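Hi everyone, thanks for coming. I'd like to walk you through one structure today, so please have a look at the screen with me.

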Amino acid sequence: MTSRRNFLAGSAAAAAAAFAGNANAVPVMKPAKFDETFDFVVVGAGGAGLCAAAHAAENGVKTAVFEKMGIAGGSSALCGGAWSVGGSDMQKSKGIEDSDEKFFADMMKTGQNMNDPELVKTFINYSKKEYQWITKQGVKPSTVSIASGMSVPRAHRFNPQKVVEFYLDYAEKKGANVRFNAKVERLLWDGQKERICGVKVTVDGKVKNIQARFGVLLANGGFSRNPVLLGKYAPPMRYAAVIAGAGTAGDGMLMAQAYGADVLDTNYVKASYGFKLNPTTIRHMTTIYYAGAIIVNKAAKRFVNESLSYKLLGDEALSQPEHASFLVFDNAIRKKQMADRPIDQELWGCIDQGKQPEFAYIGNTIEEAAQKAGLDPKTLAATVAEYNKLAPAGKDPLGRTSMSSGYGKPVALTEPPFVVMPATAAMIGTYCGVKIDSKLHVIDVFGEKIKGLYAAGEVVGGVHGAAYMTGTAFGKAIAFGRLASEVVAQERGK
Ligand SMILES: Cc1cc2nc3c(=O)[nH]c(=O)nc-3n(C[C@H](O)[C@H](O)[C@H](O)COP(=O)(O)OP(=O)(O)OC[C@H]3O[C@@H](n4cnc5c(N)ncnc54)[C@H](O)[C@@H]3O)c2cc1C
């Protein structure tokens, strides 16, 4: 019987043409001879890939990692380092009562039950397992804090670079072969065995065929830096800034789709609002709207209830004319924000030394700040006057009755100096991707496993559902990396 994926078996010429054309979504057949053979091939040296490689190599699995950039880390090395775990030693030491069950309930609620409960349970289980292991190796969080989507503090704050360095070092010490400037271009198909059997990699301009005897792991991250995919799945996000890892172009998702992989959660891709223009790091983001700032468009008019989630604010802001929006606030709001969120001191502290941040405009009146920012002064003054009259009295026409998600009351903007900051939304991750089962097999659009192909980390869909809880993306990369190493070791033992 001929399977759906066997349709090009034996047609090496057609396969070669497909790869040379670099645009055809058809299986690329295995070559007559491979250049190199490994048990396990990992695509990408971020958190997921390096954790998988570290444990696989530790289990005696002959492992190679191919990383297209010149350095390891991807988004994992740039991230805030929040890793969610339920019921850790650190939580207990601080009297925080948490459990896997509470964590599960929070994740399903945050994801609006659009996430896969089995995957969520698997993530929670492996997140704790790996947390316990890595903390025993001496890599520990500095603290645990509350963040979005949590009913108790469970965001364990790690130094993400240290975590990545640790796994890279451990993987190499245990014998994994980690190659840089090595871009995986395509997955290779064994027509007889009907499975993925390796990868085609470009290293220093040369194409190599690499065999993976027991599995290929996609650990290539998301697609924040692929405007075509953003345009397809989340059109307004094409206009968002991007601060995700330089290699996050969706290569793995596309390569898997060429073999029929299904994708999940792609309709929930969102950028985060509150960045200065052309941001390069998470430190360029403020959440000053939750301290009372308002948001206006180029016409100097409000368009959104500023107390909504910063992901929803991003959607609204990017839909405005020229995708432009501005944060407007007074001195009292600035001081409150710096006290509530110390990282904002880096953005606004200079005003106290009589300086002006280069990314915002200051005025002793709303009109003066508006003029400098290129907004119509009269309109902005009228917008602020109306807001001052209605919002604190609970009569805001845009429905703002709180500072943030029901917490705190809106305040009038009255204390000079006033600030106008051109702001934007930025992509830090896509949090959606290929469908997998709880053993990380990639699943096709007909619900069947694509044999030999696994996925871990941000390339995976189904864990977050409609929205993301802080600490479950970095955490997911590492948790699923650990699981991948176990799955491939089992596969090898068969
Ligand atoms: C600024 C920022 C802050 C964040 N803060 C948090 C946080 O605090 N907590 C949290 O949970 N999440 C956070 N996230 C999200 C989280 O960091 C990521 O979702 C997660 O780390 C992704 O891990 P990964 O291993 O799947 O992918 P990555 O870490 O992105 O690694 C993927 C690697 O694959 C490589 N690659 C891609 N394509 C190929 C190819 N074709 N061939 C070879 N190599 C390839 C890439 O170059 C990259 O090195 C944040 C993200 C950013 C950008």
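Let me start with a term: helices (H or I, at least four residues) and strands (E, at least two) are DSSP runs, numbered from the N terminus. What you see is a predicted model, where local features need pLDDT of at least 70, side-chain atom pairs count only at pLDDT 80 or more, and totals for chains, interfaces and linings use all residues. Residues are numbered from 1 along each chain as its sequence is written.

Now, the ligand. Which element gives the largest share of the shell around the ligand? That is helix 3, with four residues. Helix 3 covers 74–78, and helix 2, strand 8 (182–190) and helix 15 also supply at least two residues each. There are 43 residues around the ligand, and G44, G46, G74, G247 and G457 come nearest. Being near here means that the C-beta atom, placed from the backbone, lies within 6 Å of the molecule. By class, the shell has 17 nonpolar, 21 polar and five charged residues. For those classes, Ala, Val, Leu, Ile, Met, Phe, Trp, Tyr, Cys and Pro count as nonpolar, Asp, Glu, Lys and Arg as charged, and the others, Gly among them, as polar.

Helix 2 (residues 47–58) and helix 15 (residues 474–493) pack at about 35 degrees, their axes 7 Å apart. Axes are lines fitted to C-alpha atoms, for helices over the stretch in contact, and angles run from 0 to 180 degrees between N-to-C directions. The residues of this contact divide into eleven nonpolar, five polar and one charged. Among those that meet are G47 and H55 in helix 2, and F474 and R482 in helix 15; contact means C-beta atoms, placed from the backbone, within 7 Å.

Stepping back, the chain comes to 15 helices and 20 strands. Of its 494 residues, 52% count as buried. Buried means 20 or more other C-beta atoms within 10 Å of a residue's own, exposed means 12 or fewer, partly exposed is in between, and C-beta atoms are placed from the backbone.

Finally, some backbone details. Phi of E194 is near 55 degrees, positive in a residue other than glycine, and E322 also has phi near 55 degrees. Is E322 buried or exposed? E322 counts as exposed, because it has 8 C-beta neighbours inside 10 Å, while E194, with 17, counts as partly exposed. And the peptide bond from P416 to P417 is cis, with omega near 0 degrees.

Note on methods: Contact = placed C-beta atoms within 7 Å.
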